[in-house]
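Here are my notes on the two-chain model you asked me to read. Please keep the structure open beside them.

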Amino acid sequence: MSQMSMIQAIRSAHDVMMEKDPSVVALGQDIGYFGGVFRCTEGLQKKYGEHRVIDAPIAEGGIIGTAIGMGVNGLRPVAEIQFADYIYPGFDQVASELSRLRYRSGGEFFAPVTIRTPCGGGIRGGQTHSQSPEGIFTHISGVKTVMVSNPYDAKGLLIAAIESDDPVVFFEPKRIYNGPFDGDPDKPSVSWAAHPKGEVPDGYYTLPLDKAEVVREGSDLTVITYGTIVHVAQAAAEKAGIDAEIIDVRTLMPLDVDTLSASVSKTGRCLVAHEATRFCGYGAELVATVQRECFWHLEAPIARVTGWDTPYPHAFEWQYFPVQQRLIAGMRKVLEAG
Amino acid sequence: MTEKPTLHIPQPTARPGEEPDFSYIDLSEAGAVERPPVSAKTRDTEFLAQGMVRVLDDDNEAKGPWAPGLNADTLLRALEAMMLTRAYDDRMLRIQRQGKISFYIQALGEEAVSIGAGLAYEPGDMLFPSYRNQGLYLLRGLDLVDMMCQCLSNTRDMCKGRQMPIFYHSREKRLFSISGNLTTQYPQAVGWAMAAAIKGEKDIAASWIGDGSTAEADFHHAMTFAAVYNAPVVLNVVNNQWAISSFQGFAGGERRSFASRGPGYGIPGIRVDGNDLLAVYAVTKWAAERARSGGGPSLIEHVTYRGGAHSTSDDPTRYRPKDEWKSFPLGDPIVRLSRHLERLGRWSPEQHEALEVKLKERVALAWKEAITHGTMSEPPFLDPRLMFEDVFAEMPEHLKKQRDKLLRLQEDAS
C-alpha cells in the first residue's frame, strides 16, 4: 500500500496494466514525453517506449478514431482527452462508432477503448475547462460511463475499465486530483494523505464497473451523488448535523439500482446532487429510477441540487458550483417536506 | 526501406539539456522569393509554399520584390504596437504570478504575426483570432483597461465574468470572440467571408490558428469550404514550433510546410518569415488584395517561435531546451524592426529605451484604473444575476427561477 493522489493512482493503473498486458497502449495530446498536462502519465513513455505511450496530434476525433482502430486490431487503448470540454470533436466517433460497433457488426467487431478525461470546475477554468458532460455519454447506449471521487476507486475502476471489452468513458474531476475538496474554496487545499481512500495498493486490483458505494451511513435521508460533490455532501451533512446516507454512484452507466433503492427504501427521503447542469442532466435519470423503485417508501418529493442551466462562468464559479450551503438547503427541503 | 513497416514517432531536434537545432527550418535569402501578381493563377503561386518570403536581411535592410515600401511613420506605429504587446504581456504575466488573475497567455516572440498582419487589413475586415493574437486587439485600439478588466472578470469585463482571462472580443472593432476550443474559428471565418460575398460587400475575413491546430478537422472543413466557394478569406497558420509540449512534427510539419497544404486544396499557400514585420505585412496585403478583388482564399504559414510558455499553466523547461529561443534563426521581431528603423535614420537605442519606459508606465497606469473596477478577490464584485443572462436572448422561466433561488440563498447566507 502507498499514499497516492488521484493523479498517482491513475498513473499507477496505467503502469500496472502496461506491465501486465502488452496490448495496453496510451495515446493523447502531451501524454508521452511531457507526461500529460495533469501529469497522469508521467514517466510511462520512458518506461514503455514511444510505441506504447503515444503523443498525438491535436485532433480529438483522430485520437478516438485511431483508438477504435487499434482496439479492433487487438490493442487495449487508453485515450486521454485533455479536458472533457474538448471532447466534442471526437463525439461522433463515440456516439456513432465506438458505442455501436459491436451491435452493428452482429457482435463480430468490438473496440475495448477507455477514454479518460478530466472534468468539472473549481479551478477557475471558465466555460472551456470546467464542464461535466457525463450525462451526454450516459445517454448513448453502448458506452459505460464512470466518474471517480478518490484515488483508491480511480485505480481500481480504471484497471477494470481497461480490462473491459466494452468501451468506457472515464471522468476524472480535476478539482480533486490532488486532494479531497469540501466545497469551500477559501480553505487551504488538503492532500489525499489524510484520507482513507488515499491509501492505494501498489499492484493489481479491480473494482466492479456496476457498483455504487455507501460512503456515509445515515437514517435521515439519502443523498445520491458522484465526483467532487461526494466530498461536499459529506462535509455539508456534518456541518448541518444531518444524518444523511451518502451514496457515491461511481459507475453512472451501468447504474447500481439495488444500492440506491435499498438506501432510499430505508430513509424514505432522497436528494440527488451533481455539478453538471440540471435540465436533462444525469440527475433526472436518478430521480426517475428512485421514484420507480421506491415510490411507496417516499415520504417527500425527491429534490435536486445541481449546477445552474448556464455555461460555467469564470467569475461566478462558486455561485455556480453546488457548495455546502446549497446542499444543506436541499437536504433541509427534503427533510421538511411531507 | 525496412523489411516490415515501422511506426514513425516524430522527434524534436533537441530536448532539455541538449543544443538547440533549427537546421530543419528551410530558409530563403531575404529578397530571394519572387512576388507573383495578386491576380496570379493558383498553380503559378505554388513555389510560395516552399520558399520563405523574407524582406529584412541580416543587416536589417529591406530587400527584394516583397519590400512593401511602408513609410517610416507607419513602421514606427508598428514597432510601438509590438512593444506595447510585449509590455502588456510582461505586466499581465507578473500579475498572474501574484495571483491577481487566474491565467494568462503571452505572445512573446510572435508579436510581428499579429501586428504585421493587422496593419494590412481594412477596418471593416473581420478578424477571427486565436488566443495568442492579443496584438490584433491592441493594434485595433482596444482600450488596455478594457483588456485588463476582461482578465480580471470584474465589473467592467466585456465578457461579464463568464470567460477565463484573454478571451477578448470587440464587435465594434470587428474582432471575434476568442475560443479556447482549437480551430473552431477557422470555418466560422470562412462562413463570415462567404456571407460578405453573398451580400456583395468588400469586407473580407481572416483567421489565425497554431501549427498544432492544423490537425483538427475544422482546419480541413475551412480549407474545403474556402476553396469550393472561393471565399474572400485569409487563413493563417502561426507555426511557432510548439503546441504545448508537442513540436510541429506532431501536426505533420516534418513532411512538407504547412503552407503547402494550400495548393492541395487549390489555394495559394505562402510561407513567410513570421518575425519579419515587413514580410508579414507584405504577404498579408497580397492575400487581402487578392481576396478583395475576387481572387479567393489564401493560406499563410508564419514561421516563428513561441518565446514563452504555452500559458501560465505550462512549464516548457520540461520538454525543450531552456534557451532554445536564443538560437532561433529568425531572431526577435522587435529587435529586427527597431534595427531597420535605425538604419533608416528614424530610430535610436535611446529612443527605444525611452519608449519602453513610456509603455511600461502606460500599462501600469491602465492597471491602476482597471483594479478600481474590482478584482476576483476585491470589490466591487460582479452582480451574480449576470450568470443567468445571455444564455438565451430572453431569459426562460426555469432560469429566472434558478436565479431567484440563488439570490434567496445568498440573502439567507448574509
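1. Confidence. This is a predicted model. The scores are ipTM 0.78 and pTM 0.89. Chain B has a mean pLDDT of 96. In that chain, 100% of the residues reach 70 or more.

2. Contact between the chains. On the chain B side, 37 residues are in contact with 35 residues of chain A. Helix 12 (residues 397-413) of chain B gives the largest share of the chain B side, with six residues. By class, that side of chain B has 22 nonpolar, twelve polar and three charged residues.

3. An open sheet in chain A. Five strands of chain A line up in the order 9-11-10-13-14, and their pairing is mixed. Which strands stand at the edges? They are strand 9 (213-216) and strand 14 (303-307) of chain A. Each has a single partner strand, so one side of each is left without a neighbour in the sheet. From one strand to the next, the twist averages 25 degrees.

4. Strand 13 (residues 270-277) of chain A pairs with strand 14 of chain A in the parallel sense, over four bridges. Within this pairing, A:V272 has A:R304 of strand 14 as its bridge partner. Helix 8 (residues 229-240) of chain A packs on the sheet. Helix 8 touches strand 9, strand 10 (221-225), strand 11 (244-248) and strand 13 of chain A. The direction of helix 8 makes about 175 degrees with that of strand 11 of chain A.

5. A:V146 stands opposite A:F170 of strand 7.

6. The loop between strand 2 and helix 2 of chain A. Two residues in this loop deserve a look. A:G36 lies between strand 2 (24-28) and helix 2 (44-48). A:G36 has 24 other C-beta atoms within 10 Å, so it is buried. Setting aside residues up to four places away in sequence, A:G36 touches A:D30, A:I31, A:T41, A:E42 and A:E80. A:Q82 is 46 residues from A:G36 in sequence, yet the two are 8.0 Å apart in space, C-alpha to C-alpha. A:R39 is in the loop as well. A:R39 is not a glycine, although its phi is positive, at about 75 degrees. A:R39 has 18 C-beta neighbours inside 10 Å and therefore counts as partly exposed.

7. Helix 1 of chain B and what flanks it. Helix 1 (residues 72-97) of chain B has 26 residues. The helix reaches 37 Å from its first C-alpha to its last, close to the 38 Å expected at 1.5 Å a residue. Just after helix 1, B:G99 takes a positive phi of about 85 degrees. B:N60 sits in the segment before helix 1. B:N60 counts as buried because it has 20 C-beta neighbours inside 10 Å; the cut-off for buried is 20 or more. Leaving aside neighbours within four places in sequence, B:N60 is in contact with B:R336, B:R339, B:H340 and B:R343. B:S313 is 253 residues from B:N60 in sequence and 36 Å from it in space, C-alpha to C-alpha.

8. Cis peptide bonds. Please check two of these by eye. The bond from A:M253 to A:P254 is cis, with omega near 5 degrees. A:P254 lies in the loop between strand 12 (251-253) and helix 9 (257-267) of chain A. The bond from B:P379 to B:P380 is cis too, with omega near 0 degrees. B:P380 lies in the loop between helix 11 (349-371) and helix 12 of chain B.

9. A positive phi in chain B. B:I166 is not a glycine, but its phi is positive, at about 80 degrees. Where does B:I166 lie? B:I166 is in the loop between helix 4 (144-152) and helix 5 (185-198) of chain B. With 23 C-beta neighbours inside 10 Å, B:I166 counts as buried.

Note on methods:
Residues numbered from 1 in each chain as written. Chains lettered and ligands numbered in written order. Predicted model: local features only at pLDDT ≥ 70, side-chain atom pairs only at ≥ 80, totals over all residues. Pairing = 2+ DSSP bridges. Axes fitted to C-alpha atoms, helices over the stretch in contact; angles between N-to-C directions. Contact = placed C-beta atoms within 7 Å. pLDDT = per-residue confidence, 0-100. Expected span 1.5 Å × (residues − 1). Buried ≥ 20, exposed ≤ 12 C-beta atoms within 10 Å, placed from the backbone. Nonpolar A, V, L, I, M, F, W, Y, C, P; charged D, E, K, R; others polar.
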